Amino acid sequence: MDLKAHIRDVPDFPKEGIVFKDVTTLLASPEASQFVWDTWEKQFRGNGITAVVGIESRGFIFGAPLADRLKIPFVPVRKPGKLPAKTIRREYALEYGTDCVEIHADALKAGDRVVVIDDLLATGGTAAATGELVKELGAEVMEMAFVIELSFLKARATKLSSYRVSSLVQYDSE
């Protein structure tokens with residue numbers, strides 16, 4: 001299936017010069033969204049994955065159904081202050097400043113093998129911070145999987161070079 005045909009480009013969002021890749025149009029297509037979940041279910045079933053970690057917020061949309069299909073826990077990674085119990089956090093650099101993500105301190109345990117899911121891989125900062133959180137809890141990141149990868153930003157070779165990374169759609173330029 002040509003998933004690119006289901007992804008809308010939104011010029012100058014969230015700021016001028018950015019071409020935002022909008023997955024809401026993919027989600028509006030039952031065939032396209034089912035294709036994503038079917039592909040990932042085949043990719044991850046039977047390879048020892050014990051949890052799906054979804055990055056806020058679109059990682060929830062794609063990760064929770066995958067966890068349900070695999071009959072394993074779904075673990076959310078969120079922006080600060082959104083999780084109700086004890087958390088651990090990781091700060092990461094942005095173009096101008098920093099941001100932070102958190103996970104419940106008891107969300108994973110030593111020996112867990114996880115796949116990290118998100119809609120888009122751009123610079124890799126959020127994904128790398130999520131990987132560090134998973135490791136801090138004693139779990140292992142088996143793979144990071146994205147619907148879309150902006151490959152021209154080279155996150156695989158920089159911030160995610162120590163992880164196995166897959167994506168369903170790649171964009172080599174804006």
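Buried denotes a relative accessible area under 20%, exposed over 50%, and partly exposed the range in between (1.4 Å probe, protein chains only). The model is predicted, so local features need pLDDT of at least 70 and side-chain atom pairs count only at pLDDT 80 or more, whereas totals for chains, interfaces and linings use all residues. Residues are numbered from 1 along each chain as its sequence is written, and side-chain values use heavy atoms, with hydrogens and water left out.

**View 1. Aromatic pair of F60 and F74.** The rings of F60 and F74 are paired edge-to-face, 5.9 Å centre to centre with 85° between the planes (ring centres of Phe, Tyr or the six-membered ring of Trp within 6.5 Å; planes under 30 degrees apart are stacked, over 60 edge-to-face, the rest tilted). F60 is partly exposed, at a relative accessible area of 22%, and F74 is likewise partly exposed, at 26%.

**View 2. Aromatic cluster of W37, W40 and F62.** These three residues, W37, W40 and F62, form one aromatic cluster. W40 is buried, with a relative accessible area of 1%; F62 is also buried, at 0%.

**View 3. Surroundings of D22.** D22 is buried, with a relative accessible area of 10%. The side chain of D22 makes a polar contact with that of R8 at 2.8 Å (N or O atoms within 3.5 Å; within protein, one able to donate a hydrogen and the other to accept it, and residues adjacent in sequence counting only if both atoms are side-chain atoms). The C-alpha atoms of D22 and D119 are separated by 9.5 Å, although these residues are 97 apart along the chain.
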